[in-house]
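Please keep the sequence and the model in view while reading.

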Amino acid sequence: MKKGKYPVAVILTISGYILAAVLNLLIPQFAHIKTKSYRLFIIMVDRNEFYRGILLLLAVAFFILGLISRKDEKSNGRYVKNAPLQFVLGCGLFLWDFLGTKTQIFVQPFFPGPAQILESFLQEGGFIFSNTLYSLRLYLFGFLLGAAFGIGTGILIGWFPKVYYWVHPVLHITGIIPAVAWMPFALTLIPTAFWATVFLIVICVWFPVASVTAQGIAGTPKVLFEAARTLGGNTAYQLFHVAIPNALPQIFSGLSTANAFAFTTLVMAEMMGQPGGLGYYINLAKVWSSYYKVFAAILIMAILFSVITEVLNQIQSRVLRWQKGLLKTEDEG
Amino acid sequence: MKDETILQLNHVDRVYEADGISVQALSDVNLKVKRGEFISFIGSSGCGKTTTLRLIAGLDQPQGGKIFLDGEEIKGTDPRRGYVFQQGALFNWLTVEDNIAAGLKARHVYQKNRHRIQEYIDMTGLSGFEKAYPHQISGGMAQRVAIARALINDPEILLLDEPMGALDSFTRANLQDQLLELQKKNNATMILVTHDVDEAIYLSDRIVIMTPRPGKIAQIIDVDIPKPRQRGGTEFLMLRRRLLEKFDLASADPQPEYTI
């Protein structure tokens with residue numbers, strides 16, 4: 001890399017956010033609206049100050065990231081590559097702020113600006129947080145139970161031909177039905193709304209995971225079992241040390257498919273009958289036409305689901321590290 | 001000790017049924033193998049050499065006849081009969097050292113024997129690749145892992161099913177030398193299935209020639225050339241010619257080529 005290019009990249013990265021913050025400060029609100037101030041820990045802020053604060057926080061964070069990444073060849077290359085993108089992102093935030101909040105050229109109240117969306121957190125951050133936790137709890141119960149059942153039945157189906165014969169057709173048919181179709185039954189048969197939703201998520205995770213797990217187990221090359229037998233491996237060894245490790249790549253691909261299903265089911269179920277959760281919060285906000293709150297919930301979902309997906313990916317690349325270099329993976333390491 | 005019979009095949013028959021047609025894969029195969037001996041099975045495809053090896057391993061059962069190891073009838077697989085598969089059949093999710101240790105873990109003797117893993121890694125020339133995964137190493141190394149994996153179980157007999165079939169000729173020659181060294185070190189009995197006449201001559205004490213339809217032993221040839229043998233030495237070439245004639249592959253006289 002050419003000397004002197006890296007500082008330019010750092011400046012480029014943070015300048016978009018700083019620009020957005022400065023313009024937010026300088027450009028006046030076209031319509032004269034008095035902005036309310038809220039207590040944030042020990043200081044009072046209005047939504048624009050809060051928004052600028054977030055922007056500056058982002059700028060500082062990326063500046064520090066720039067300093068940390070400087071030494072490491074790989075992450076510093078990534079940083080330089082992303083610099084133009086970060087800059088355009090900052091400019092985009094400015095444009096959005098200008099069209100959404102400042103001039104209100106966007107149709108209101110449907111398309112609020114970024115400062116308005118952030119105002120939801122000032123107004124009821126605690127409430128949003130508790131709903132986020134509720135969603136997370138629903139997701140964790142549903143996904144983990146569903147994954148456990150799915151991997152369990154998948155192993156049984158893949159290992160025992162008899163089980164395959166009787167259970168696979170059932171799985172095949174029920175697997176096609178979207179889990180939310182069972183909602184009326186779930187809500188009437190299961191006493192609490194929480195467990196009804198967990199049940200729906202379990203269903204939507206169970207079937208895809210079970211069917212790919214079964215494929216992975218059943219598709220284990222015969223020669224590997226023979227190798228295990230000649231090495232002295234009994235049936236348990238062949239199952240736990242040959243078939244299951246061999247099926248792990250498929251199990252993980254099933255889990256990531258199921259993960260996406262689980263998000264959909266979670267939000268839909270919450271919107272249709274939960275006393276909490278981000279879906280519930282969206283519904284609540286919609287009733288009062290508080291679309292900025294809807295966007296706030298969507299923003300949290302984007303963050304929450306990205307984090308969950310990233311955690312799953314990390315576990316996957318850790319467990320399947322033997323595949324590294326075998327399959328083409330986007331940026332190694 | 002040298003003349004003690006370790007393996008005995010008595011009137012072994014094997015018939016395969018496929019789509020209603022039965023194929024006599026093996027017919028009345030008789031063989032005695034002495035301890036420490038190196039035997040090669042050669043023959044064209046379908047002559048039953050791999051079938052014989054699988055029967056000895058216990059991966060398959062004969063319909064007629066019996067196979068004995070140390071006077072004990074073979075009923076199924078046993079780590080005392082190590083097997084090296086054509087394509088290695090390594091566990092892709094395990095590192096080189098974990099692949100080699102697989103047999104120890106399968107037999108639940110890992111803790112007692114873990115110190116021996118390094119010994120087998122060194123013996124097969126795999127030092128430095130302990131933590132590599134199978135897809136990161138070459139075909140020749142993968143076969144050496146497969147051999148080490150079988151040998152660490154201290155097999156009384158090592159069965160090798162064309163382990164060098166997919167390797168280039170230099171790697172192959174190298175691995176053949178290592179195999180001989182391993183045999184000397186471990187005083188192991190080895191049975192090799194191969195297509196390669198040179199390989200059979202270079203390695204074997206006796207060569208078993210098999211013919212197809214039905215698969216049976218046509219002839220057993222003693223190789224009396226002292227080891228280490230010279231590839232391309234006079235005796236080597238004479239035996240080679242003799243063997244090729246058996247397969248009608250040697251022309252009576254080399255035809256001179258004329259160019260104008």
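Q: Which residues do ring pairs link into a cluster?
A: This is a predicted model, in which local features need pLDDT of at least 70, side-chain atom pairs count only at pLDDT 80 or more, and totals for chains, interfaces and linings use all residues. Residues are numbered from 1 along each chain as its sequence is written, chains are lettered from A and ligands numbered from 1 in the order in which they are written, and side-chain values use heavy atoms, with hydrogens and water left out. Rings of Phe, Tyr and Trp (its six-membered ring) pair if their centres lie within 6.5 Å; planes under 30 degrees apart count as stacked, over 60 as edge-to-face and the rest as tilted. Ring pairs of this kind form a cluster of Tyr134(A), Phe141(A), Phe194(A) and Trp195(A).

Q: How many aromatic pairs does the structure hold over all chains?
A: A pair of aromatic rings is described by the distance of the centres and the angle of the planes. Over all chains, the number of aromatic pairs is 21.

Q: Why is the pair of Phe110(A) and Tyr291(A) given its class, and what is that class?
A: The ring centres of Phe110(A) and Tyr291(A) are 4.9 Å apart. Their planes stand at 50°, so the pair is tilted.

Q: How many residues apart in sequence are the parts that Phe110(A) and Tyr291(A) tie together?
A: Phe110(A) lies in the loop between α3 (73–102) and α4 (114–159) of chain A. Tyr291(A) belongs to helix α11 (residues 291–319) of chain A, so the pair ties together parts whose separation in sequence is 181 residues.

Q: What is the relative accessibility of Tyr291(A)?
A: Buried means under 20% relative accessible area, exposed over 50%, and partly exposed in between (1.4 Å probe, protein chains only). Phe110(A) counts as partly exposed at 40%. Tyr291(A) also counts as partly exposed, and its relative accessibility is 23%.

Q: What kind of pair do Trp159(A) and Phe225(A) form?
A: The centres of the rings of Trp159(A) and Phe225(A) are 5.8 Å apart. Their planes are at 75°, so the pair is edge-to-face.

Q: In which helix does Phe225(A) lie?
A: Phe225(A) counts as buried at 16% relative accessibility. Its partner Trp159(A) lies in helix α4 of chain A, and the pair ties together parts that are 66 residues apart in sequence. The helix of Phe225(A) is α8 (residues 222–230) of chain A.

Q: In what order do the elements of chain A run from the N terminus?
A: Helices (H or I, at least four residues) and strands (E, at least two) are DSSP runs, numbered from the N terminus. Chain A has eleven helices and two strands. From the N terminus on, the order is α-β-β-α-α-α-α-α-α-α-α-α-α.

Q: What radius of gyration does chain A have?
A: The radius of gyration is taken over C-alpha atoms, and the globule rule is 2.2 Å times the number of residues to the power 0.38. For a compact globule of 333 residues the value would be near 20 Å, but for chain A it is 25 Å.

Q: What percentage of the residues of chain A count as buried?
A: The C-alpha atoms of chain A fill a box of roughly 75 × 60 × 35 Å along the principal axes. Of its 333 residues, the share that counts as buried is 44%.

Q: Where is Pro109(A)?
A: Most residues other than glycine have a negative phi, and most peptide bonds are trans. The peptide bond from Gln108(A) to Pro109(A) is cis, with omega near 5°. Pro109(A) has its place in the loop between α3 and α4 of chain A.

Q: Is Gln104(A) buried or partly exposed?
A: Gln104(A) lies in the loop between α3 and α4 of chain A. Its phi is near 55°, a positive value in a residue other than glycine. With a relative accessible area of 30%, Gln104(A) is partly exposed.

Q: Is Ala89(B) buried or exposed?
A: Ala89(B) is found in the loop between β6 (81–84) and α2 (96–106) of chain B. Phi of this residue is near 50°, a positive value in a residue other than glycine. At 8% relative accessibility, Ala89(B) counts as buried.
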